[in-house]
Amino acid sequence: MSITYTVRHATHPADSRNYDTAKLREHFLIEQLFKADTVHATYTLHDRLVVGGAHPVEKPLKLETFPTLRSEHFLDRRELGIINVGAAGSVTVDGETYELAPKEALYIGKGAKEIYFNTSKSGKALYYFNSAPAHHTYPTRKVSLSEAETVELGALENSNHRIIRKVLINSVVQTCQLQMGITELQPGSVWNTMPAHTHDRRMEAYFYFELPEDQAVCHFMGEPEETRHLWVKNNQAIISPPWSIHSGAGTSNYTFIWGMAGENLDYNDMDKVAPTDLK
């Protein structure tokens, strides 16, 4: 099998208050997503989201099922969102190939049988993906950056000037519960998702990339009145439970992909927390 996987159990906020740094990293940080000629998947019991990465070098990599899913194919009961975070590449779905430029996305609906992550002719092929349980089949669709719902928020004066590109969201493409987008911090800005918020009806995963190898992001998490932090490097991801804030500040500007799964598709369904109320 070209796929490796780990399983992360859901955590209670009262328990997480007692975690030291090592335990926080064990439960919430995904340190390695990309290994040559391997698909790696992390299955979290927070809304049963799968967070993964594929790095084909010598040959295309098939997205195979694994024992935890108890299914013949990976997408028998799931939907899948892929965002290209490497050089221009392509993904083949049941014999049809979709070319993906950097940061372009591909939604694949429930029931697809064979998915291949293809090597790149122009450089390093890296595909980041999220997968959530699905109850209905929606068509496979590529989403370019020009098709994304794009908004510009924040200001350089507050160190949070950022561009948000909602690529796999219900205003752009039909999904069951999966939503994904890209947030790009502009030069001179380091804060993301500020003011912070929680959303009890959805969990979220954060993937940090385009971060210089000698820089890092301090990811803030935990209950608003009981916050914690984790230092994150380039091409690493964070599992964010519904009860947790998810914000961050980098030693440089960077880009991150947010992916959500849960009860609704309302992007604006969030409970904001003022910076002065964080503890």
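**A walk from the pocket to the sheet**

Let's start with the lining of the largest pocket, which has 12 nonpolar, 6 polar and 5 charged residues (Ala, Val, Leu, Ile, Met, Phe, Trp, Tyr, Cys and Pro count as nonpolar, Asp, Glu, Lys and Arg as charged, and the others, Gly among them, as polar). Keep in mind that this is a predicted model, where local features need pLDDT of at least 70, side-chain atom pairs count only at pLDDT 80 or more, and totals for chains, interfaces and linings use all residues. Residues are numbered from 1 along each chain as its sequence is written, and side-chain values use heavy atoms, with hydrogens and water left out.

Of the 23 lining residues, R162, I164, H197, Y267 and M270 lie nearest the centre of the largest pocket. Strands β13, β14, β17, β18 and β23 each give two or more residues to this lining (strands are DSSP runs of E, at least two residues, numbered from the N terminus).

Now look for Q179, which sits in strand β15 (residues 179–185). Q179 counts as buried because its relative accessibility is 0% (buried means under 20% relative accessible area, with a 1.4 Å probe and protein chains only). Strands β7 and β10 pair over 3 bridges, and V93 stands opposite I115 in β10.

Key. Helices (H or I, at least four residues) and strands (E, at least two) are DSSP runs, numbered from the N terminus. Buried means under 20% relative accessible area, exposed over 50%, partly exposed in between (1.4 Å probe, protein chains only). On a 1 Å grid over the protein atoms alone, a cavity is a set of points where a 1.4 Å probe fits but cannot get out, and a pocket is an open set with protein on both sides within 12 Å along at least five of seven lines; lining residues have an atom within 4 Å of a point. Two strands pair if DSSP finds at least two bridges between them.
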